[in-house]
Amino acid sequence: MPEFCVGTAQFGMEYGIANATGKPTKSELLEIIKHATDNNVTYFDTAQSYEKCEILLGECYSKLDIENIKIITKLHPSLGNCKKKIIYNSIKSSLYDLKQNSLYGFIAHNIESLGNDSFRSSIMKAKSEGLISKCGVSIYTPEEAKIALRNPIVDILQIPLNIFDRRWFDQGIIELACSKNIRLFFRSIFLQGFIFLEKDNLVGKGMRWSLPYYQKIKNILRNTDEDPIQLTFNLLSEISSDSVIIFGVDNIIQLKKAIKCIKKTKLFTKYSSNNQWWENLPHFPEKFFNPSKW
């Protein structure tokens with residue numbers, strides 16, 4: 001059974017097209033983290049570029065006195081081409097802000113950083129000192145994934161995967177990663193909240209171009225009998241028993257609903273046995289799956 005991870009971008013900044021409540025307050029953040037860890041969700045995905053998110057998380061972990069959490073953070077994109085000392089010091093800085101002795105994962109925020117020799121050498125130094133356990137990269141396209149999977153320092157790979165995106169299967173990314181024992185982290189599983197929006201919301205956000213794809217998604221969901229969150233957890237859980245599913249929440253109500261769905265998550269749904277779900281999906285353009293192009 002895969003594990004689950006709380007995505008924290010929305011804790012430090014305004015994030016997500018469907019976010020209607022903004023950043024949670026400090027007290028709300030404490031409640032979210034406590035409820036997650038009380039329900040065995042102990043992975044947290046963050047980044048140096050999420051404004052003050054690392055500091056906020058560190059304060060909460062310290063106040064709640066939580067043990068056995070597994071944190072993945074990402075190198076700030078602006079540091080991707082810097083020298084070894086700067087990258088290494090950024091790892092130390094993240095540890096200080098997060099109030100941790102070590103990180104489960106420290107990953108590049110883009111494929112370009114992964115190709116920097118200084119990134120590789122700083123990672124190897126941090127690993128040898130026990131500051132980090134895993135290294136990897138967060139990528140955006142199957143083409144980038146193929147490059148990352150050829151890099152020997154990659155232990156974990158973050159890919160944006162939602163239940164309407166068949167590219168990762170069609171291009172063999174999932175199979176290749178599993179064959180190399182590289183742990184997959186699935187992020188943007190709700191397409192930054194797109195699947196929860198209504199047509200008027202999209203028009204109001206200047207996304208009229210997405211309406212044809214929105215309608216296709218609604219038609220697909222209309223033919224299922226599961227809540228979109230539950231369906232997403234079920235389908236992504238089938239892909240690999242060693243994967244980690246990252247989900248973002250804006251408030252405690254959303255987290256509680258997600259936890260309920262996690263507890264009901266089952267393998268082998270009627271939609272996806274023998275890849276039935278993925279093979280029957282229509283093809284969508286890359287722009288639809290990449291919020292940076294919206």
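**Close-up 1. Helices α2 and α13 run roughly parallel to each other.** In this predicted model, the axes of helix α2 (residues 26-38) and α13 come within 9 Å and cross at roughly 10 degrees; because angles under 35 degrees count as roughly parallel, the pair is therefore described in that way. On the α2 side the contact is made by E31, I32, H35 and A36, which meet I252, L255, K256 and I259 of α13. Sorted by class, this contact of α2 with α13 comprises five nonpolar, one polar and two charged residues.

Close-up 2. Helix α12, spanning residues 228-237, packs against helix α13, spanning residues 252-264, at an angle of about 45 degrees, and their axes lie 9 Å apart. From α12, the residues I229, Q230, F233 and N234 take part, and they meet K257, A258, K260, C261, I262 and K264 in α13. The residues of this contact of α12 with α13 divide into five nonpolar, two polar and three charged.

**Close-up 3. E54 is a buried residue of helix α3.** The helix that holds E54 covers residues 53-64, and the relative accessible area of E54 is 6%; because buried means under 20% relative accessible area, E54 is therefore classed as buried. When residues up to four places away in sequence are not counted, E54 touches T46, A47, Q48, T73, S94, D97 and L98.

**Close-up 4. Q100 sits in the loop between α4 and β4.** The loop that holds Q100 lies between α4 (84-98) and β4 (103-108). From this position the side chain of Q100 reaches the backbone oxygen of L98, at 3.2 Å. Apart from residues up to four places away in sequence, which are not counted, Q100 touches Y61, I69, I71 and L95.

**Close-up 5. D165 is buried in the loop between β6 and α8.** The loop in which D165 has its place lies between β6 (156-160) and α8 (167-170), and D165 has a relative accessible area of 0%. The side chain of D165 makes a polar contact with the side chain of W168, at 2.9 Å. Leaving aside neighbours within four places in sequence, the residues in contact with D165 are P160, W278, L281 and F289.

**Close-up 6. F288 is a buried residue of helix α15.** Helix α15, in which F288 is found, consists of residues 286-289, and the relative accessible area of F288 is 0%. Once its neighbours within four places in sequence are left aside, F288 is in contact with L191, F194, W209, Y213, I217 and W294. F288 and G193 are 95 residues apart in sequence, while their C-alpha atoms are 13 Å apart in space.

Note on methods:
Residues numbered from 1 in each chain as written. Predicted model: local features only at pLDDT ≥ 70, side-chain atom pairs only at ≥ 80, totals over all residues. Heavy atoms only, no water. Axes fitted to C-alpha atoms, helices over the stretch in contact; angles between N-to-C directions. Helix = DSSP H or I, 4+ residues; strand = E, 2+ residues; numbered from the N terminus. Contact = heavy atoms within 4.5 Å. Nonpolar A, V, L, I, M, F, W, Y, C, P; charged D, E, K, R; others polar. Buried < 20%, exposed > 50% of the residue type's maximum accessible area, 1.4 Å probe, protein only. Polar contact = N/O pair within 3.5 Å; in protein donor to acceptor, adjacent residues only side chain to side chain. Parallel < 35°, antiparallel > 145°, perpendicular 65-115°, else oblique.
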